[in-house]
Amino acid sequence: MRIARFSIDGNVAFGAVEGDKPDELVLDIIKGIPFADFELSGTKVPLNKVRLLPPVLPNKVVAFGRNYAEHAKELGNEVPDAPFAFFKPSTSVIGPGDPIQYPSFSNELHHEAELAVVIGRMCREVPRERVKDVILGYTCANDITARDVQKREKQWARAKGFDSSCPLGPWVETDLDPSDVTIQLTVNGQQRQLGRTSEMIHSIEDLIVNITEAMTLLPGDVILTGTPAGVGPLNVGDEVAVTIEGIGTLTNKVIKRG
């Protein structure tokens with residue numbers, strides 16, 4: 001099931017995305033929330049009549065860096081022996097079609113296409129064999145990074161946590177085997193990144209076991225699983241699109257921060 005969060009006539013709701021052709025997609029409005037038992041209402045609205053929002057509003061975004069060997073290599077970094085986590089605040093999250101605001105304190109903004117895992121239930125100290133039980137589904141993410149700031153400040157709070165630095169969407173796909181799907185990213189229609197999730201150094205199970213040893217994850221929290229090689233610059237006016245096999249495409253445009 002594809003679960004979208006959307007706004008229509010000033011109201012926010014979740015809906016199940018139905019259909020195959022992009023111009024014929026409809027939303028069957030969900031009665032309740034997707035983190036508990038819910039029913040489809042049978043009330044349907046065309047997708048092109050609503051505004052898609054970030055598919056979830058996470059309490060926290062836990063991101064893992066250097067989880068693809070070629071990406072670590074391209075930036076001159078060693079591959080970590082254990083998962084390497086950092087955070088992006090909830091205020092960094094935007095949805096499909098929302099603008100990425102080029103921060104005034106950076107001159108080197110980069111894209112990073114990633115598979116995002118959406119947590120479906122409160123969990124802590126999750127054993128490997130139970131990881132699938134705590135996952136609601138998967139969505140596309142773009143870990144927008146102020147690369148010059150990351151290098152200069154030696155820590156990543158500002159470089160990766162600024163407003164609009166975490167586009168998510170277009171929806172959550174609950175029925176996906178994430179072990180070997182294609183991740184690609186284009187800028188103005190030109191391919192920049194192309195990889196497969198099977199290239200991850202640490203698996204999704206590794207990442208969730210690792211982080212839940214330390215902290216509780218809440219429904220709607222998001223795990224970013226790392227980016228394949230090919231990261232590169234974004235400029236004001238660029239349109240950047242992340243496409244993940246079996247999920248869909250997340251598109252955002254870069255604007256000057258006002």
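This is a predicted model: local features need pLDDT of at least 70, side-chain atom pairs count only at pLDDT 80 or more; totals for chains, interfaces and linings use all residues.
Residues are numbered from 1 along each chain as its sequence is written, and side-chain values use heavy atoms, with hydrogens and water left out.

Back to Asp206. Its side chain meets that of Arg128 in a salt bridge, 2.8 Å from N to O; the term here means a side-chain nitrogen of Lys or Arg within 4 Å of a carboxyl oxygen of Asp or Glu. These two come from distant parts of the chain, 78 residues apart, with Asp206 in helix α4 (residues 204-212) and Arg128 in the loop between β11 and β12 (135-142). Helices and strands, by the way, are DSSP runs numbered from the N terminus: H or I with at least four residues for helices, E with at least two for strands. Arg128 is partly exposed too, at 44%.

How many salt bridges does that rule give? The count comes to 13. Another one is Arg51 with Asp98, closest N and O atoms 3.1 Å apart. Again the pair links distant parts of the chain, 47 residues apart: Arg51 is in strand β5, and Asp98 is in the loop between β8 (93-94) and β9 (100-102). Arg51 is partly exposed at 49%, whereas Asp98 is buried at 13%.

Then there's Glu112 with Lys160, at 3.5 Å, N to O.

Now, strand β1, residues 2-8. Five of its seven residues are buried, so the strand is largely enclosed by the rest of the structure. Who does β1 pair with? For pairing, DSSP has to find at least two bridges between the strands. With β2 (residues 11-18) β1 runs antiparallel over seven bridges, and Arg5 has Phe14 as its bridge partner there. The two form a hairpin with two residues between them, and Asp9 in the turn has a positive phi of about 55°. β14 (residues 166-173) is also antiparallel to β1, over two bridges, with Val172 as the partner of Ile3. And two bridges join β1 to antiparallel β5 (residues 51-52), where Phe6 partners Leu52.

Notes:
Buried means under 20% relative accessible area, exposed over 50%, partly exposed in between (1.4 Å probe, protein chains only).
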